[in-house]
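Okay, thanks for coming, everyone. Let me put the structure up on the screen and then walk you through it.

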Amino acid sequence: MLDGRGSVKRRAGARLWLSAGWLAVLVLAALLAPWITPKDPLAQDLFLGRLPPFWETGAEPGYYLGTDSLGRDVLSRILYGARLALIVALVAGSITCLLGAGLGLLAGFLRGWVDVLISRFIDIWMAFPPVLFSILLIAVIGPGLGSIILAIVIIDWTRFARVVRAEAMAQGAMDYVASARVAGRGRLGIMLREILPNVLPTIVVLLTLEMGIAVIVEAILSFVNLSISTDDPTWGGMIAEGRAAVYQAWWVLVFPLITLFLTVLSFSQLGEGLKDRFDPVLR
Amino acid sequence: MSYLEIDRLSVRLRGGGPLLRQVSLTVAAGEVRGLVGESGAGKSMIGKAVLGILPRSTEITAGRIVLDGVDLLTLPPAERRRRIGATCALIPQDPLTALNPSRRIGPQITDRLVDILGWPRVRAEARARELLAEVYIPDPERVMRSYPHELSGGMRQRILIASAFAAEPKLIVADEPTTALDVTVQKQILKLIKEMQERHGTALLFVTHDLGVVSKVCQSLSVLYAGLVVEDCAVRDFFRAPGHAYSAALLAATPKYTDAVASLTPVPDTVIAAVRAEVAAADRRMSHG
Ligand SMILES: Nc1ncnc2c1ncn2[C@@H]1O[C@H](COP(=O)(O)OP(=O)(O)OP(=O)(O)O)[C@@H](O)[C@H]1O
Ligand SMILES: [Mg+2]
């Protein structure tokens, strides 16, 4: 029993630290990009096009992960790409979370007409095809950071709202809430002090998952050229470019893809790991 | 004069049938009143009505709940809540869900004193330690720093009892406080509630379906069937000679008071039919009056 718990705990810890470590590296890369990138990510040099990564023959020193067909350094572009990916993850994730979890908490705990109003709104919202809706939105207001974030919020806030609503409702039926009400604590007080701490682990998992999703959505939109229309490197854009020449220069596609994969994985694992930390019953 | 007086209280499901049918009962200061009846009879409803925590799906249609001379139902909601918070407390049934799993024990006891009664934190903490010791919890200091899941069911129920008595309430509603515990722990907890109740002179509305418990703890008793009080009597009289056929049948169906398990008698159909007729008569009265 003790052993079983101990090993589960250790694994959860390793998972947490590995994912947090990878994300920390990304954050540092994003912050320090101008100082740590070996090359200018935008500098083109056709004589240095499609250089392989450092361990293959024909590699040039300084271009550790090779170059793309225009001779731009893949590693530098990946590091710069972390900027946009993380900004989208952070901003879109937080807004989606605040909006969705806030409404879900209100609906699930207050019940009554508030719940009816919010729940109907969610139903109606979900009856629209949100993906279509957000592509339309981008078509109207044009591609850009703001519209990516808006699109993500539009698509995903309902998931937060529904899950948090269900949890808040379950918690609201517990006896400790009844005791708090008898003692005279107000609705807001009960919601924030009694219910929220119990819903928080779920919110954290949803939030980190959402951040991973945001990174993917941004990559997909870049991939189909609907993202930010500057030359700033993005992982999705790199993957799109790399796809064209995958047989001549696989590294242009593979390295951003691995980075994307690890990042999304880390976000979801971070969530699970944090949940174990947060949850007093599992702690 | 009685501390709590419930006078012809009727509660119904919103847009549905009645749950409580003109329930009347009194609890004197320091008295323990038992509330018995089958599952679904409305025992918990009465407790919830008194404490102002009826589910949203129900509504009070008539009656008075007089607490310390004031009819709670005529007060504005904020004032009603303040009054109940200052004078009443709840010992819930399930110690598993009655403590907030994500908060430490200490604040769960002291918050109430600090936020609602305005005690200084230091005094509240001293009081919590004192109370935990009073309910025989060894090492109160450590327990106050624990999370609920780190403690046993019996321990948690002790904490809930301590917590209920913390603000020196005048009335406590105990809703089947021992049902979720195993038998040996049940006895200890029951004894503890009794002991605390006597020491603090608190009135107790004790919900249970166990007549054995009633005989040990209560002075007066209300027997409920389908939201109707079929008998209201002193416990001593009840066990000598129940005043109602349904009560008598209930008593006969309780293992403690029969010789062998084999002689256990379910409530006879004729008695059920009679008490159902009474319920129907009460409904007619209600719809006329
Ligand atoms: N939240 C609710 N919404 C609607 N009806 C309810 C609700 N809770 C209880 N009821 C109904 O009210 C009636 C009385 O319920 P109550 O909980 O008071 O029974 P009880 O006597 O406490 O039974 P038990 O011994 O099972 O706890 C039951 O018929 C029940 O179905
Ligand atoms: Mg009950």
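Predicted model: local features only at pLDDT ≥ 70, side-chain atom pairs only at ≥ 80, totals over all residues.

One term before anything else: buried means under 20% relative accessible area, exposed means over 50%, and partly exposed is in between, with a 1.4 Å probe and protein chains only. On that scale, 47% of the 283 residues of chain A count as buried.

Residues are numbered from 1 along each chain as its sequence is written, chains are lettered from A and ligands numbered from 1 in the order in which they are written, and side-chain values use heavy atoms, with hydrogens and water left out.

Let's stay with chain A. How many helices and strands does chain A have? It comes to nine helices and zero strands, where helices (H or I, at least four residues) and strands (E, at least two) are DSSP runs numbered from the N terminus. The C-alpha atoms of chain A fill a box of roughly 75 × 55 × 30 Å along the principal axes.

Look at Ile148(A), in helix α5, residues 145–172. Ile148(A) counts as buried because its relative accessibility is 0%. Its C-alpha is 7.5 Å from that of Ile138(A), ten residues away in sequence.

For contrast, go to helix α1 of chain A, residues 2–36, where Leu32(A) sits. Leu32(A) is at 37% relative accessibility, so it counts as partly exposed. Together with Val27(A), Leu28(A), Leu31(A), Trp35(A) and Ile36(A), Leu32(A) makes a nonpolar surface patch of about 630 Å². For patches, residues need over 30% relative accessible area and no salt bridge; nonpolar side chains (Val, Leu, Ile, Met, Phe, Trp, Tyr) are joined within 5 Å, like charges within 9 Å. Accessible areas here are Shrake-Rupley values with a 1.4 Å probe, and for residues only the protein chains shown count as cover.

Next, charges. In chain B, Glu59(B) pairs with Arg14(B) at 3.2 Å. That pair links distant parts of the chain, 45 residues apart: Glu59(B) in strand β4, Arg14(B) in the loop between β1 and β2. There's also a salt-bridge network with members from both chains: Arg185(A), Arg193(A), Glu194(A), Arg103(B), Asp111(B) and Arg121(B).

Last stop, ligand 1. Which residues come nearest to ligand 1? Of the 13 around it, that's Ser39(B), Gly40(B), Lys43(B), Ser44(B) and Ser57(B), with "around" meaning a heavy atom within 4 Å. Oxygen atoms of ligand 1 lie 2.8 Å from a backbone N or O atom of Gly40(B), 2.8 Å from a side-chain N or O atom of Lys43(B), and 3.1 Å from a polar side-chain atom of Glu176(B). Taken alone, ligand 1 exposes 630 Å², and the protein buries 63% of that. Helix α1 of chain B, residues 43–51, gives the most to the shell, with three residues.

Technical notes
Polar contact = N/O pair within 3.5 Å; in protein donor to acceptor, adjacent residues only side chain to side chain. Salt bridge = Lys/Arg side-chain N within 4 Å of Asp/Glu carboxyl O.
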